[in-house]
Amino acid sequence: MIKTGLILALDTKDPKQAEEWARIADATGQMIKIGMEFTYACGFDAVCRLAMGRQIFLDLKLHDIPNTVASAIASLAPVKPAMLTIHTMGGKDMIKAARQSIDMHFQDSQKPILLGVTVLTSMDQDNLNSIGISKTPLEQVLLLGKMAIEAGVDGLVCSPLEVEYLRRHLGDQVPLVVPGIRLPDAVADDQQRVMTPLQARKAGASWVVVGRPITKASHPEHIAQMIVQQLQG
Ligand SMILES: O=C(O)c1cc(=O)[nH]c(=O)n1[C@@H]1O[C@H](COP(=O)(O)O)[C@@H](O)[C@H]1O
């Protein structure tokens, strides 16, 4: 069974809180994810301060016309993220523009892993139908994933329910980053397609992304340590 990394999602507007959680990730040797909530509330100077001495996954889920996405990525070069997300629903031209922008604006040793978000883990069949998609989440994730890899992403974001299927069709090498993680018997909150950390590891996730199950726990560091042991033991 492959070892799976933990990425801790720092979903907060409070820089002190983010730093506190980031130290939990430091202590367990794991990566942090900074998303829209922190970035919009605190700005890029705060993002860069959190990133100092750390590897960050900058999850801004870029989704716009190709020129705008390419220009936005160029503006992100000083932040030096280790991972960056774009929405695959932006289509192949947008993804190709994102790829070209990374290749043009980042030095080889500093290029982020470009991740294509497939079907959000908060979406079930009903939500897919509501945007005119009659394929199942599994079929849609594979369709978007294949297209995105062909257009230039390095890896994919998907729910744990699709990991085994993607591994069968795309092989072992594609980085699969997997949110929608909940501890056994825990509430799913707004997530629809969920599994436990151990199930996601067994399915073949490269990394799991965990936010609230750790950050809302009464002892976040204990939960983080327990999950890391399950993922790497
Ligand atoms: O790109 C992501 O990281 C992402 C994609 C997705 O489909 N679903 C999803 O939940 N995420 C992110 O993963 C994290 C999940 O947080 P929790 O539900 O609190 O564990 C959040 O920061 C989401 O923004």
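## Ligand shell, barrel and helix packing

The ligand is surrounded by 19 residues, and the closest are Ala 9, Thr 121, Pro 179, Gly 211 and Arg 212. This is a predicted model. The shell around the ligand divides into nine nonpolar, six polar and four charged residues. Two elements each supply at least two residues of that shell: strand 8 (207-210) and helix 9 (212-215).

Eight strands form a closed barrel in the order 1-2-3-4-5-6-7-8. The pairing is parallel. On average, neighbouring strands of this sheet are turned by 25° against each other, direction ignored. Strands of a sheet pair through backbone hydrogen bonds, in parallel or antiparallel fashion. Strand 1 (residues 5-9) runs parallel to strand 2 (residues 31-35), and three bridges join them. Ile 7 has Met 31 in strand 2 as its bridge partner. Helix 10 (residues 220-232) lies across strand 1 and strand 8. Its direction is at about 150° to strand 1.

| Helix pair | Angle | Axis distance |
|---|---|---|
| Helix 3 (residues 66-76) and helix 4 (residues 92-105) | about 25° | 8 Å |
| Helix 6 (residues 137-151) and helix 7 (residues 160-170) | roughly 45° | within 10 Å |

How do helix 3 and helix 4 lie to each other? Helix 3 and helix 4 pack at about 25°, which makes helix 3 roughly parallel to helix 4, since angles under 35 degrees count as such. The crossing of helix 3 and helix 4 is right-handed. From helix 3, the contact takes Pro 66, Asn 67, Val 69, Ala 70, Ile 73 and Ala 74. Helix 4 meets them with residues including Asp 93, Met 94, Ala 97, Ala 98 and His 105. By class, the contact of helix 3 with helix 4 has nine nonpolar, four polar and one charged residues.

Now the other pair. The axes of helix 6 and helix 7 cross at roughly 45°. Helix 6 and helix 7 are therefore oblique to each other. The crossing of helix 6 and helix 7 is right-handed. Helix 6 brings Pro 137, Leu 138, Val 141, Leu 142, Gly 145 and Ile 149 to the contact. Helix 7 brings Glu 162, Tyr 165, Leu 166, His 169 and Leu 170. The residues of the contact of helix 6 with helix 7 are eight nonpolar, two polar and one charged.

Technical notes: Residues are numbered from 1 along each chain as its sequence is written. This is a predicted model: local features need pLDDT of at least 70, side-chain atom pairs count only at pLDDT 80 or more; totals for chains, interfaces and linings use all residues. Axes are lines fitted to C-alpha atoms, for helices over the stretch in contact, and angles run from 0 to 180 degrees between N-to-C directions. Helices (H or I, at least four residues) and strands (E, at least two) are DSSP runs, numbered from the N terminus. Angles under 35 degrees count as roughly parallel, over 145 as roughly antiparallel, 65 to 115 as roughly perpendicular and the rest as oblique. A crossing is left-handed if the near helix is turned anticlockwise from the far one by less than a right angle, and right-handed if clockwise. Two residues are in contact if their C-beta atoms, placed from the backbone, lie within 7 Å. Ala, Val, Leu, Ile, Met, Phe, Trp, Tyr, Cys and Pro count as nonpolar, Asp, Glu, Lys and Arg as charged, and the others, Gly among them, as polar. A residue is near a molecule or strand if its C-beta atom, placed from the backbone, lies within 6 Å of it. Two strands pair if DSSP finds at least two bridges between them.
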